[in-house]
Amino acid sequence: MAFWIVWLVIGVLFILAFSAWVIPKIIFRIYASVNPVRVKAVDRFSEGGVQTVVYMPDAVTRKVIKSYRVISDGKGLYFRGEWEKNSAFVEYEVTAYGANNSVIEVLHVKDKFDNGKFTKDIPLPAKTDYVTLRIVCVDDTPVPMRRRAFNLKYVLWVCALCACLAVLCDLLIWLCLTFTLRCLDGFSMTYGVSVGGWATVLGFGALIIILITATIFIGGFFLLQRGASEEERGTV
């Protein structure tokens, strides 16, 4: 009995660890495939051992935050934006990119204007090469997200996510069902499932996960795109 309990625990821990390591990387790839990179460094300077790179965001963002900086002070990296518009509340998204234009982390920030010149400082991952900035909401007014058109890279990464989740789900089903059978037969390995039975159970499990994931990412893409288009038309 102890063997099967340890077997189940190790299997579940492996699934959780693998999911925590791989799934975010794939989701960041999906995000990067549709998120347009608009970044322009306009100034670089060093003062007192502190290195600063000043960037100019896109025209929509400049209406609220006219520029932003990535600052390295020896203790780490952090983001600091320069206000253009005095707003009571601003929600924005800072995307940190590393080598090969890969997304390292997406930071969602809620900031309140305190009559200062700059936003609050946001710590960045150590391997950050550059960042992009997107305004999400200003004073409870959402700002439509500008995205790339539906493309092959997006589809491929969604397929990779579907396959990964399907395999992990099937592994979890196999672990749990096998352990349940062992509990029912008193760990004598009397009960079993035929090859056809396993194929049916795991096949349906994988299919359900794939359909749910594809619906969320593929269907969600077009719903968000449609919503953004309607919002833009409403503001014209």
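pLDDT is the predictor's confidence in each residue, from 0 to 100. Helices (H or I, at least four residues) and strands (E, at least two) are DSSP runs, numbered from the N terminus. This is a predicted model, so local features need pLDDT of at least 70 and side-chain atom pairs count only at pLDDT 80 or more, while totals for chains, interfaces and linings use all residues. Residues are numbered from 1 along each chain as its sequence is written, and side-chain values use heavy atoms, with hydrogens and water left out.

**Confidence**
- The chain averages a pLDDT of 87, and 94% of the residues score at least 70.
- Over residues 231–236, pLDDT stays under 50. The model has 4 contacts (heavy atoms within 4.5 Å) beyond four places in sequence for this stretch.

- Met 1, Ile 5, Val 9, Leu 13 and Leu 16 make a nonpolar surface patch of about 500 Å².
- Patches are made of residues with over 30% relative accessible area and no salt bridge; like charges are joined within 9 Å, nonpolar side chains (Val, Leu, Ile, Met, Phe, Trp, Tyr) within 5 Å.
- A salt bridge is a side-chain nitrogen of Lys or Arg within 4 Å of a carboxyl oxygen of Asp or Glu.
- Accessible areas come from the Shrake-Rupley method with a 1.4 Å probe; for residues, only the protein chains shown count as cover.
- Leu 16 sits in helix α1 (residues 2–34). Its relative accessible area is 53%, so it is exposed.
- Buried means under 20% relative accessible area, exposed over 50%, partly exposed in between (1.4 Å probe, protein chains only).

**Phe 221 in α4**
- Phe 221 belongs to helix α4 and is buried, at 1% relative accessibility.
- Not counting residues up to four places away in sequence, Phe 221 touches Val 34, Arg 147, Arg 148, Ala 149, Phe 150, Tyr 154 and Ile 216.

**Strand β1: open**
- Strand β1 (residues 40–47) lies largely in the open because 0 of its 8 residues are buried.
- β1 pairs antiparallel with strand β2 (residues 50–56) over 7 bridges. Two strands pair if DSSP finds at least two bridges between them.
- Asp 43 has Val 54 in β2 as its bridge partner.
- The β1–β2 hairpin has 2 residues between the strands; Gly 48 in the turn has a positive phi of about 60°.

**Strand β8: enclosed**
- 9 of the 9 residues of strand β8 (residues 130–138) are buried, so the rest of the structure largely encloses it.
- Strand β5 (residues 89–97) runs antiparallel to β8, joined by 8 bridges.
- Glu 93 stands opposite Arg 134 in β8.
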